[in-house]
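Have the picture open while you read.

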Amino acid sequence: MDTTVEANTPQQEAEPVKGGIVAYLQVDGAMKAADFYKRALGATFAGAHPPDDQGRTMHVHLYINGGSLMLCDPYPDYGYPLEKPQAFTVMLPVEGIDTWWKRAVDAGMEVVTELQVMFWGDRYGQLRDPFGVLWAMNEPVSS
């Protein structure tokens, strides 16, 4: 995935936002996270603002499994310090969960809850990425 963003270039028309609700995650290293999510989750790069002189970017837009995900770096000098991700899980409903799971684990996601059939009848598991974000994958069990 080419995540190179040129500074001082004319503003391009933004790619459409997909999904009814969109997570906007603050992570330490938004462009590195975008590259990681490409390997781990099959993300495609929709766009980004150029990094500043410290390598931070205020906006990255990715597509994952038909939906949008937004990322940014912390900006403590502007009142937005890095905060540890907590009290949320990013849910990723998928088809072919074994393929999605293996790719994520092979890329470096840590297994938090093993992939298993849950009491509600779906296959479900949780993973944590290197940026501290908790992800859940879910797929209905075929009858």
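Before we start, a helix here is a DSSP run of H or I with at least four residues, and helices are numbered from the N terminus. Keep in mind that this is a predicted model.

Within α2, the buried residues are I97, W100, W101 and A104. Where do they point? Looking down the axis of α2, you'd find its buried residues within an arc of 95°, so they line one face of the helix. The general rule behind this is handy: an α-helix has 3.6 residues a turn, so residues three or four places apart point the same way.

As for the buried residues of α2, they pack against α1, β3, β5, β6 (110-117), β7 (122-128) and β8. One more thing to spot around here: the charged end of R103 sits over the ring of W100, 4.6 Å from its centre.

Now for α1, whose buried residues are A30, M31, A33, A34, F36, Y37, A40 and L41. Just after α1, G42 has a positive phi of about 70°.

The largest nonpolar core is made of 29 residues, and Y37, L41, I64, L71, W135 and M137 have the most contacts inside it. Two or more residues each come from α1 (30-41), β3 (60-64), β4 (67-72), β5 (90-93), α2 (97-107) and β8 (134-140). Which element gives the most to this core? That's α1, with eight residues. In general, nonpolar side chains in soluble globular proteins tend to be buried together.

Leaving aside residues up to four places away in sequence, L71 touches a whole list of partners, including Y24, L25, A30, Y37 and V60.

## Rings meeting rings

There are seven aromatic pairs in the structure. In one of them, F36 and Y37 have ring centres 6.0 Å apart and planes at 65°, so this pair is edge-to-face. Both F36 and Y37 are buried.

Y37 also pairs edge-to-face with W135, at 5.3 Å centre to centre and 65° between the planes. This pair links distant parts of the chain, as Y37 is in helix α1 and W135 is in strand β8, 98 residues apart. Ring pairs join F36, Y37, F131 and W135 into a cluster.

Definitions and conventions
Residues are numbered from 1 along each chain as its sequence is written. This is a predicted model: local features need pLDDT of at least 70, side-chain atom pairs count only at pLDDT 80 or more; totals for chains, interfaces and linings use all residues. Side-chain values use heavy atoms; hydrogens and water are left out. A nonpolar core is a set of buried Ala, Val, Leu, Ile, Met, Phe, Trp, Tyr and Cys residues joined through side-chain atoms within 4.5 Å. Buried means under 20% relative accessible area, exposed over 50%, partly exposed in between (1.4 Å probe, protein chains only). Contact means heavy atoms within 4.5 Å. Rings of Phe, Tyr and Trp (its six-membered ring) pair if their centres lie within 6.5 Å; planes under 30 degrees apart count as stacked, over 60 as edge-to-face and the rest as tilted. A charge sits over a ring if NZ of Lys or CZ of Arg is within 6 Å of the ring centre and within 35 degrees of the ring normal. The arc is that of the directions from the helix axis to the C-beta atoms.
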